[in-house]
Amino acid sequence: MKSRTKVVVIGGGIAGCSTLYHLTQEGWSDVVLVERNELTSGTTWHSAAQVTNFGMNQTMVGLKSHSIKLYKALSENPEYPINYHHADGGIRLANTEAQMQGYRHFTSMARGMGVELEVIDAAECARRHPLISTSNLAGGLWDPLDGDIDPAQLCQALAYHARKAGAEVYRNTPVTALIQHKDDTWTVQTEHGEIDCDIVVNAGGYRVNEVGAMMGVHHPVASMEHQYFLTEDIPQIAHAGHRMPLLRCPISDYYCRQEKGGLLVGFYEQDCKTWGMDGIDPNFVNALCPDDLDRVMNVMEGAFERMPALAETGIRSIVNGPITYTIDGAPLVGPIPGKRNAFCIIGLRAGLGEGGGHGWLLAQQIVHGEAQYDTWCIDPRRFATHTNVELTALKAIEDYQNEFRFHFPHEHRPAGRPAKTTPLTPILAAQGAAFAVVNGWERMDYIKPNSDFHPELGFDFDETFDLVRAEVQNVQQNVGLCEVNGFNRIEITGSDRHAFLERMFCGAVTKREGRVGLGYMLNAQGMVKGEATFANLPASDRGPERVWFGSAAAAELHDMDWLQQNLLDDEDVQIKSLTNDQTILVLAGPKARKVLSACARGDWSKTAFPWLSARECILGFAPATVLGVSFSGELAYEIHVPNASLYAVYLALRAAGDAHGMKLFGARAVDSMRMEKGFLHWKADLLTEFDPLETGLARFVKLDKGDFVGKEALLRRQAKGENRKLVTLKIAANNAPAQGGASLMHANKVVGTVTSGDWGHRIDMNLAYAFVEPEFAATGSEMQLDMFGDLVPATVIAASPYDPSFSRMRG
């Protein structure tokens, strides 16, 4: 066994084997995989191994598409061929128009990734799958490349080709400890000796947290028992003349695929069961859980109704084994939060089908620092530290119960809520607030007209449309109050703080005391890594001279990691998170200054406190820090308040606001207003797939300043020209907003992709942002939005269509 290597991958299932293989494909041959038993002896060996193109976003579609292409190539390789039933086809059923509308959107989204899906009616579903009934069936989504693969053969083939490229695999080699050194390298201790390495990868399957504990981390991954059975031969299959398509049914919570002359039928029962919560037997190897068909009887009855042939067919064998789920159902693939040179590829509930793509994107991150797609949807840092074992289990159960039911826009499922709140949460609830979840925080979404108000989930504009319009109008005409909790706030102190920020941001960094700036961070490839405001606060009884770095709530762990990783050893810079200590109250509207002046002593006039100012004050009788910034496009103030004083400040603002028509407004109103102003959302419009020039942020780039992260790469990209350009679109539709991922078409060709969309209530216009090919980026350019299968006219308009001079927010 080697004593030194570049990367050690821990775990020999699909996750580990795919990572090892793809590391060699990226040019790293000095890599090792260690497995405690035999390859595929965990979850992989009993996987149903379905391989589909379907995904909830373009990154997932892209990695699944890569898996299919890779598996096909491997299956056809004469050196080590594997059994892969490629392109049997597959159907996802639906019994409501809302589900069918969702399928039409996913078809539009997949088209932008070069994947062709098809929405078919009930009769066509039955024609393609002659075993199903059309009772209570609206139709389905057809994936022509759907199929299944032999899991053990796949992993062995990946390991074979990795070994051939120079990698090594050590089976029956349990890891006993992981030790990180001061230079951030690792020692992997095993029962057969130690391996020193630069990087470790946790691919531990259902033993993920055993490996995590060796690093001192906990991953939000839980295991669920999952049952399927194999039937005796079914005559209709033998007489069909073709292999049966795969079937996934959200109506009755089951799936099936052909297995020899019968079917493999699996269930996602509501009375589901977690596994391994109190530890896992070390000898649980190539093992299964006890059968428990009584638990799945209800969903089995639904499967029999959909496929009557099942009721007349015997069961040949039953499989009940653990599969892993994360707290939101999507895998965790990427850097481990708070650790250096440590990555994970875990929580792969559909591991065989997706594992080729996950290992591909992870290997790119390890070797190059970033993948070719923006991988935030699978990034392990997308959750904060509130994701303990119990919360993860609750969300895993919920996701298991809804396995084939996709999330609708604005859908926030109830399990594990409320996880994170402020002192105002019950107060706002009593005022009629409906809440959305942002990184675990309960954030006010809109104000309900009554307690029985529950808008129907779907892709069209819903019953909240007029409510949001009224909230926006009051902000525009009077003044509104909104709580923004969970906003990422990092305090940066030390004599080198400004030099540090100059290196981190691609634009100018203001050093003036009491001033606020906005900037963008790039990665080593010159792409947009993050967005943040930075406020220079003076020394006071609240602290020394310092900079407050503020960014999206979801960026809490991501930005902290990025800042800490880029600190130089000789820099006098200290970084501290204040995210969970303070909350923002946003005061917005033309009368905002009057309300603030009534609550806080001092001169708050435009001259004394202009736009982009920062000031510590006492608001009412509570400490607060006020920033003159606006995400709404109106005169607005961010009022940062310690949570202990939040209710007191809220009462003071409400009392002062009564005379000026102040009302509450929520996140949906904010999103509408930011669309009208050309303000972008991190990880919706700000992506690592595009540089700041392509993203329309040239005014925030200063190439003539000193060195900054990503500068050289950005200069090289600038010389080559833009691949895509972010534009603002007017959509000629009144029924629904454009959905992120939807394709923009011209002459039957995809020319762009929507990143976000909403109705602009102040300009009465359906708006969208999209990255388009440069020749379609000029104002007035016309194309068509593939909106649920209909081609809707879309026209490029000037950015910031509401108050383009920014006069209103300057007051």
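**Close-up 1. Contact between helices α2 and α9 in this predicted model.** On the α2 side, the residues taking part are T59, M60, G62, L63, K64, H66, S67, L70 and Y71, and they meet L352, G353, E354, G355, G356, G357, H358, W360 and L361 of α9. Sorted by class, this contact holds 9 polar, 7 nonpolar and 2 charged residues. Helix α2 covers residues 58-75 and helix α9 covers residues 351-368; their axes cross at roughly 105° and come within 7 Å. Angles from 65 to 115 degrees count as roughly perpendicular, so α2 and α9 are roughly perpendicular to each other.

**Close-up 2. Packing of helices α15 and α16.** As for handedness, the crossing of α15 and α16 is right-handed. If you zoom in on the side of α15, you will find V595, A598 and C599, which meet A652, L653, A656 and G657 of α16. The class count for this contact is 6 nonpolar residues, 1 polar residue and no charged ones.

**Close-up 3. The largest cavity and its lining.** The largest cavity has a volume of about 70 Å³. Its lining is made up of Q365, E370, D374, T375, W376, D379, R381, K529, H558, K683 and T688. By class, that lining comprises 6 charged, 4 polar and 1 nonpolar residues.

**Close-up 4. The second largest cavity and the strands around it.** This cavity holds about 50 Å³ of space. Residues F487, R489, T533, A535, W548, F549, G550, L627, E638 and H640 line the second largest cavity. Two or more lining residues come from each of β26 (528-537), β27 (546-551) and β32 (636-642). Strand β27 gives the largest share, with 3 residues. The lining of the second largest cavity divides into 5 nonpolar, 3 polar and 2 charged residues.

Technical notes: Residues numbered from 1 in each chain as written. Predicted model: local features only at pLDDT ≥ 70, side-chain atom pairs only at ≥ 80, totals over all residues. Heavy atoms only, no water. Axes fitted to C-alpha atoms, helices over the stretch in contact; angles between N-to-C directions. Helix = DSSP H or I, 4+ residues; strand = E, 2+ residues; numbered from the N terminus. Left-handed = near helix turned anticlockwise from the far one by under 90°. Contact = heavy atoms within 4.5 Å. Nonpolar A, V, L, I, M, F, W, Y, C, P; charged D, E, K, R; others polar. 1 Å grid on protein atoms, 1.4 Å probe; cavity = no way out; pocket = protein on both sides within 12 Å on 5 of 7 lines; lining within 4 Å. Points joined across faces, edges and corners; volume = space filled by probe spheres on them. Parallel < 35°, antiparallel > 145°, perpendicular 65-115°, else oblique.
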